[in-house]
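Please look over the model shown here before reading on. The briefing below goes through it topic by topic.

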Amino acid sequence: MTDPVISARSLGKRFGAFMALDAIDLDVASGEIVALIGPSGCGKSTLLRCLAQLEVPDLGIVLLEGKPFGTTADGTRRQSPRTIDAIRPRIGFVFQSLNLWPHMSALDNVAKALISVRRMPAAAALQRAQSLVEQFGMAQKASRRPADLSGGERQRIAICRALAMEPAALLFDEPTSALDPELVLGVRDVLRQLAGTGIGMVIATHDLGFAKAASDRLIFLEKGRVVETGATQTTLAAPNTERLQSFIQSVTHI
Amino acid sequence: MGFDVSIITDNWPLFVQGVVTTLLITAIALPLGFLIAIPVAFMKLSRFAILRAVAAFYIELFRNAPFLIVLYVIFYALPTLQVRLPPLVVGTGVLCLYATSYLAEIIRGAYLAVPRGQLEAARAVGMSHFQGIREIVAPQMVGFLIPPSTNMGIILIKETSVLALISVGELTYQGMVVQAATFAPFEVFVAVGGLYWLVCSVLSFAAATAERRSAHAIDGPRRQSVADSFLSLDARWRK
């Protein structure tokens with residue numbers, strides 16, 4: 001196994017008295033797709049947000065390509081906001097509600113960070129954005145606003161926006177929740193294609209079918225703890241814990 | 001009851017002067033108030049309690065007393081502090097401070113109206129907090145700012161009439177001058193009222209145009225779907 005692109009070491013997060021994450025350890029290798037599954041409120045989204053330092057973890061450290069992100073290497077002190085902002089785009093985040101910027105065209109959504117953060121000349125940034133949206137079959141619709149795109153098209157633009165910053169890892173929060181069921185396999189193909197380029201991915205999902213189709217490895221969370229983890233196919237076929245077994249039974253009721 | 005038009009036509013230079021002064025005061029107080037209101041609004045949104053408290057104190061101080069009283073207090077306090085300024089300057093300044101308290105709340109509301117995820121998406125691609133607000137949130141606030149700011153502008157134009165009481169030569173004051181010379185209050189105040197109405201109407205119209213443009217800028221050309229015109233509850237009440 002190659003060195004992990006993103007790791008967490010005993011990551012903890014608390015909201016008041018509520019323990020959202022409790023000593024989470026995680027390693028995602030280059031080109032690996034890890035699915036986070038578990039019931040609502042189990043900490044899937046919080047884990048993603050803590051990995052991207054959009055939420056400040058209370059304990060533990062996050063490592064991005066082996067280097068500490070968010071805190072110093074011993075986890076005692078916070079990095080400066082400037083340092084965190086500089087590292088953060090190495091982790092692409094695709095939000096559940098996508099959060100595309102409605103006042104810009106799809107192409108500008110993709111090019112914006114290149115211009116504002118990377119300080120790339122606008123022409124070069126737009127060219128790079130254009131080639132990205134072309135790869136995702138969106139060349140014809142690049143000039144449209146997000147409101148004029150379908151759900152699947154918006155998601156591809158959101159992925160392009162994250163990819164523009166050449167991330168080492170991509171985090172997806174419920175990527176299939178807003179999609180037409182017919183498009184779900186398309187998302188899997190996109191993720192597979194991205195994995196081929198060496199990007200490590202973490203996907204929070206409650207869609208077991210999608211996790212099964214798309215991920216290499218599975219982490220089952222409950223109440224902020226890792227209950228079970230393993231290769232997706234084998235774990236789903238023969239879960240070790242009773243809890244995962246009952247979870248699988250309760251969601252695959254068809 | 002006769003209406004002597006000559007009262008108005010004979011004294012038109014004074015009315016024009018009044019309108020110009022009124023517009024001048026508003027044209028200074030509104031933009032300046034807006035500039036001051038931006039930091040006040042963000043102080044009120046701050047995570048630091050002390051900044052929130054200072055902003056809230058300022059806002060409530062000016063918002064919860066009648067403008068005339070605020071004006072009198074400041075106007076009569078300044079000389080005791082050995083500060084002597086022309087009434088026009090004091091009046092414009094107080095109007096500006098008064099407008100700031102409302103505008104700060106208007107700006108805060110517009111900020112809160114932009115979904116939180118918008119800023120988060122900006123942070124996710126590497127923008128700083130400030131950069132995200134400036135480049136992603138602020139442009140989306142414009143549409144939320146125009147209608148209440150127009151209200152504020154109209155209120156300010158009308159509120160300048162209070163400055164007549166500290167002898168600022170705006171429209172109401174000029175009306176009082178003409179009235180004192182002609183003893184024709186009816187004609188004079190019909191003219192004064194008509195001029196206020198005219199000025200405010202022009203502003204409303206300009207703002208409505210600006211609002212349409214900004215909505216256009218955010219949503220692109222609005223295409224109404226066929227379903228929209230049938231399904232919406234209020235469809236028959238709209239154009």
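Chain A has an open sheet of six strands, ordered β6-β7-β8-β3-β9-β10, with mixed pairing. The model is a predicted one: local features need pLDDT of at least 70, side-chain atom pairs count only at pLDDT 80 or more, and totals for chains, interfaces and linings use all residues. Residues are numbered from 1 along each chain as its sequence is written, while chains are lettered from A and ligands numbered from 1 in the order in which they are written.

**The six-stranded sheet of chain A**

- Helices (H or I, at least four residues) and strands (E, at least two) are DSSP runs, numbered from the N terminus, and two strands pair if DSSP finds at least two bridges between them.
- The edges of this sheet are β6 (91-94) and β10 of chain A; each has a single partner strand, so one side of each is left without a neighbour in the sheet.
- From one strand to the next, the twist averages 15°.
- Four bridges join β3 (residues 33-37) of chain A to β9(A) in the parallel sense.
- Within that pairing, A:A35 has A:L218 in β9(A) as its bridge partner.
- Helix α6 (residues 184-196) of chain A lies across β3, β7 (169-173) and β8 (200-204) of chain A, and runs at about 150° to β8(A).
- For such angles, axes are lines fitted to C-alpha atoms, for helices over the stretch in contact, and the angles run from 0 to 180 degrees between N-to-C directions.

**The four-stranded sheet of chain A**

- Another open sheet has four strands in the order β2-β1-β4-β5 (chain A), and its pairing is antiparallel.
- Here β2 (18-29) and β5 (67-69) of chain A stand at the edges, and because each has a single partner strand, one side of each is left without a neighbour in the sheet.
- The twist in this sheet averages 25° from one strand to the next.
- Strand β1 (residues 4-15) of chain A pairs with β4 (residues 59-64) of chain A over five bridges, in the antiparallel sense.
- A:S7 has A:L63 in β4(A) as its bridge partner.

**Nonpolar cores**

- A nonpolar core is a set of buried Ala, Val, Leu, Ile, Met, Phe, Trp, Tyr and Cys residues joined through C-beta atoms within 7 Å.
- A residue is buried if 20 or more other C-beta atoms lie within 10 Å of its own, exposed if 12 or fewer, and partly exposed in between, with C-beta atoms placed from the backbone.
- The largest core has 78 residues, of which A:L51, A:V110, A:L171 and A:M201 touch the most other members.
- Not counting residues up to four places away in sequence, A:L51 touches A:I6, A:A8, A:V62, A:I91, A:L171 and A:V202; two residues are in contact if their C-beta atoms, placed from the backbone, lie within 7 Å.
- Another core, of 43 residues, lies apart from the largest one and includes B:A29, B:A55, B:Y98 and B:V192.

**Chain B**

- Chain B contains ten helices and zero strands.
- Of its 239 residues, 31% are buried.
- Among the contacts in chain B with a separation of 6 or more, 74% are between residues 24 or more positions apart.

**Where chains A and B touch**

- Chain A gives 22 residues to the contact and chain B gives 19 residues.
- On the side of chain A, the elements that give two or more residues are α2 (81-87) and α3 (106-116) of chain A.
- The largest share of that side, three residues, comes from α2(A).
- By class, that side of chain A has 13 nonpolar, four polar and five charged residues; Ala, Val, Leu, Ile, Met, Phe, Trp, Tyr, Cys and Pro count as nonpolar, Asp, Glu, Lys and Arg as charged, and the others, Gly among them, as polar.

**Single residues**

- A:R156 is in helix α5 (residues 151-163) of chain A, and is buried, with 23 other C-beta atoms within 10 Å.
- Not counting residues up to four places away in sequence, A:R156 touches A:F136 and A:M138.
- The C-alpha atoms of A:R156 and A:G137 are separated by 8.9 Å, and the two residues are 19 residues apart along the chain.
- A:K223, in the loop between β9 (217-222) and β10 (225-231) of chain A, has a phi near 50°, a positive value in a residue other than glycine.
- A:K223 counts as partly exposed, with 15 C-beta neighbours inside 10 Å.
- B:S167 is in the loop between α7 (129-159) and α8 (171-182) of chain B, and has a positive phi of about 60° although it is not a glycine.
- B:S167 is partly exposed, with 13 other C-beta atoms within 10 Å.
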